[in-house]
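Student: I would like to go through some of the labels used for this structure. Please show it first.

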Amino acid sequence: MKRVHLIPALVAVAAALPAHSAAPYTVVSPDHRTRIELTAADGKLEYTVIRDGVTVIAQSPLGLSTTAGALDGTTLRVTGVENKTVDETWRPVAGKASSVADRYSQVELQLAGKDKPVKVNLVARAYDDGVAFRYVLPRQQVADLGINGEATRFDFPADYRCWGFNPGRFDSSHEGEFDPVPASTIRPHHTFDAPLVCKTGNRKTTFAIAEADKRGYAGAYYSGRGDGGLGVAVVLAPHYDGDVQVHGPAVRTTLADAPLSTPWRVVMVADTPGGLTQSSLIATLGSPSTIADTSWIKPGKASWDWWNGWAVDMPGAGVNTATYKAYTDFAASLGLDYILIDEGWYEGSSEQPLPSNPLKPVPAMDMQAIIKYAKQKNIGVWVWLQWKQLDRQMDDAFALYESWGIKGVKVDFMDRTDQDMVDFYHKILSKAAKHHLMVDLHGAYPPDGLTRTYPNYMTQEGVMGAEYNKWSARVTATHNVTLPFTRMILGPIDYTPGGFRSIAAKDFMGQRRNVKPFVQTTRGQAVAMYVVYDSPFGMVADSPDAYRNADGSWADGATFIGAVPTTWDETRVLDGDIGQYIVTARRKGSTWYIGAMTNESARTVDVPLDFLAPGANYSAAILEDGKDRNHLAARTTRVTGKSRLKLKLAGSGGAVVTLTQAAQ
């Protein structure tokens with residue numbers, strides 16, 4: 001159901017505006033708690049974000065630096081204003097909720113200057129869970145415009161406590177820790193990824209800075225202000241020639257051919273960090289779906305070869321037909337949906353030696369036999385690809401994979417956020433959809449709402465996930481319980497969970513290995529990740545034998561992993577704090593799942609169940625940390641919405657609960 005209310009445009013000639021007028025154009029969220037105020041007078045083009053009467057983002061500059069000169073408050077004046085409100089709902093194909101409200105108020109300022117040939121519109125929205133604004137350059141007779149950068153800043157009125165990942169460069173895989181960082185220590189040479197999450201310390205408001213809906217534009221990083229003040233400035237990723245950074249405008253466009261919209265600059269807001277986690281604002285700000293028929297898009301979990309080192313229990317295991325039939329057998333036995341065939345299946349897939357050929361499997365891989373065998377067991381097949389190799393012959397490759405019956409592609413090593421790479425994302429996702437292929441992007445920039453635009457975009461990396469256990473001790477429990485409040489608030493993460501071989505942190509560095517690697521967190525945390533982490537295409541990363549006991553029975557937690565959904569009807573974060581712990585409840589149909597994870601500190605969490613259907617009785621099947629790191633303790637109890645559950649979490653541990661409604 002959609003309700004759109006347009007308030008007739010109030011058009012005024014710039015000269016008629018009083019020179020001293022600085023009254024802001026105010027946009028208020030539907031719940032009246034959050035507002036964004038725009039100032040466009042007295043040589044200023046600025047905005048302020050206020051929540052519950054308290055300033056969250058202080059008055060901050062807006063504008064673009066272009067090859068046609070500055071487009072900001074010194075050059076532009078308001079020539080027209082249009083307001084509207086929207087109240088509608090959109091339905092994700094896969095994600096944290098089956099239905100998402102798209103409710104906001106909006107103002108659009110039409111800006112122009114008599115001495116500047118370029119017209120700009122400034123659009124600002126206020127949602128219950130944040131504000132967003134963007135610059136729109138309408139189609140006009142301006143050729144070959146370059147955007148050197150933005151004047152956009154997010155100024156802070158206080159020294160906020162923040163969490164951010166600073167890769168320190170523009171070409172990165174976007175994999176690292178979100179470390180605590182006082183706002184006063186953020187420097188101009190820093191390049192923080194989205195999101196930058198901060199606590200105001202006032203009324204417990206938590207906010208995050210991010211972007212959404214990039215197309216034909218460069219990705220943003222966040223650097224310290226050059227004047228030493230508190231807050232961050234937008235820095236655009238530069239262009240590349242091959243792998244070499246080049247000078248010149250970050251964005252190149254021709255407005256005579258088409259208009260240009262910058263990404264939404266977003267400030268997500270919530271009362272608690274968990275409020276950010278359950279928000280769908282970034283996806284909501286994405287452009288509506290370009291795919292009419294989505295019936296072929298099927299979320300699910302996959303067995304995977306690379307993390308465990310192709311360690312199936314058979315002679316000659318490796319990149320060959322027999323190995324992937326064995327992975328298929330495992331996937332079918334556990335109730336998974338897919339197998340993922342990683343690097344090495346086609347000629348030259350490591351790019352050494354050249355040339356590569358993603359159209360030609362290596363002799364040991366009979367792809368059609370593997371796919372036929374998997375289909376007989378109701379298992380789909382995904383394949384890995386290196387992005388440059390794919391890009392050289394994408395049309396032919398996708399047509400071939402569709403003819404084989406491949407269900408999806410995992411594309412790796414993009415490692416950039418410049419305008420050309422942003423265009424590549426749209427290219428691959430649209431072309432994959434035409435061939436009924438789902439997509440998982442690795443070495444990927446942070447999510448920006450493309451999962452709404454292209455529902456075949458199941459998940460992405462751009463996260464320091466479980467693979468780092470193979471060569472470092474960086475994937476700690478603290479890191480794991482920081483991710484849901486930072487990187488994951490933007491969209492799904494292909495963290496690749498499922499590590500079932502846990503070893504204590506004190507012994508971990510001496511036991512690193514590429515085949516059957518260890519993790520530092522308990523079995524309870526391993527299973528909880530399948531509830532806490534968002535990923536409609538989920539990995540089951542360990543070797544098949546890790547999920548079996550010596551007698552052939554399923555190991556603790558294995559059947560839960562096989563049964564737990566990957567896409568949800570409803571998500572609620574019940575409790576938690578950044579880097580400390582998290583308790584998440586998700587609903588699929590009438591069944592609820594709870595996942596709880598903690599950092600290195602053991603704790604007991606007291607979980608209210610008031611989200612359950614009123615008057616209904618439920619059976620609660622509980623799996624908690626057990627007698628040691630690699631076992632779980634199971635118990636069941638009867639509960640209602642008036643009940644509370646106490647879950648005991650070991651240090652670096654976790655727990656899961658399945659709440660099944662009893663027959664009336």
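Tutor: A residue is called buried when its relative accessible area is under 20%, and exposed when that area is over 50%; partly exposed lies in between. Keep in mind that this is a predicted model.

Student: Why is Lys 214 called buried?

Tutor: The relative accessible area of Lys 214 is 1%. The cut-off is under 20%, so Lys 214 counts as buried.

Student: What makes the contact of Lys 214 with Asp 448 a salt bridge?

Tutor: A Lys or Arg side-chain nitrogen must be within 4 Å of a carboxyl oxygen of Asp or Glu. Here the closest N and O atoms are 3.0 Å apart, so the pair meets the definition. Lys 214 is in the loop between β17 and β18, and Asp 448 in the loop between β31 and α8, 234 residues apart. Both also belong to a salt-bridge network with Glu 150, Glu 211 and Arg 265.

Student: Is Asp 448 buried or exposed?

Tutor: Asp 448 has a relative accessible area of 2%; this is under 20%, so Asp 448 is buried.

Student: Why is Arg 33 called partly exposed?

Tutor: Its relative accessibility is 27%. That value falls between 20% and 50%, so Arg 33 is partly exposed.

Student: How do you know that Arg 33 and Asp 52 form a salt bridge?

Tutor: Their N to O distance is 2.6 Å, and the limit is 4 Å, so the pair qualifies. Arg 33 lies in the loop between β2 and β3 and Asp 52 in the loop between β4 and β5, so the bridge ties together parts 19 residues apart in sequence.

Note on methods
Residues are numbered from 1 along each chain as its sequence is written. This is a predicted model: local features need pLDDT of at least 70, side-chain atom pairs count only at pLDDT 80 or more; totals for chains, interfaces and linings use all residues. Side-chain values use heavy atoms; hydrogens and water are left out. Helices (H or I, at least four residues) and strands (E, at least two) are DSSP runs, numbered from the N terminus. Buried means under 20% relative accessible area, exposed over 50%, partly exposed in between (1.4 Å probe, protein chains only).
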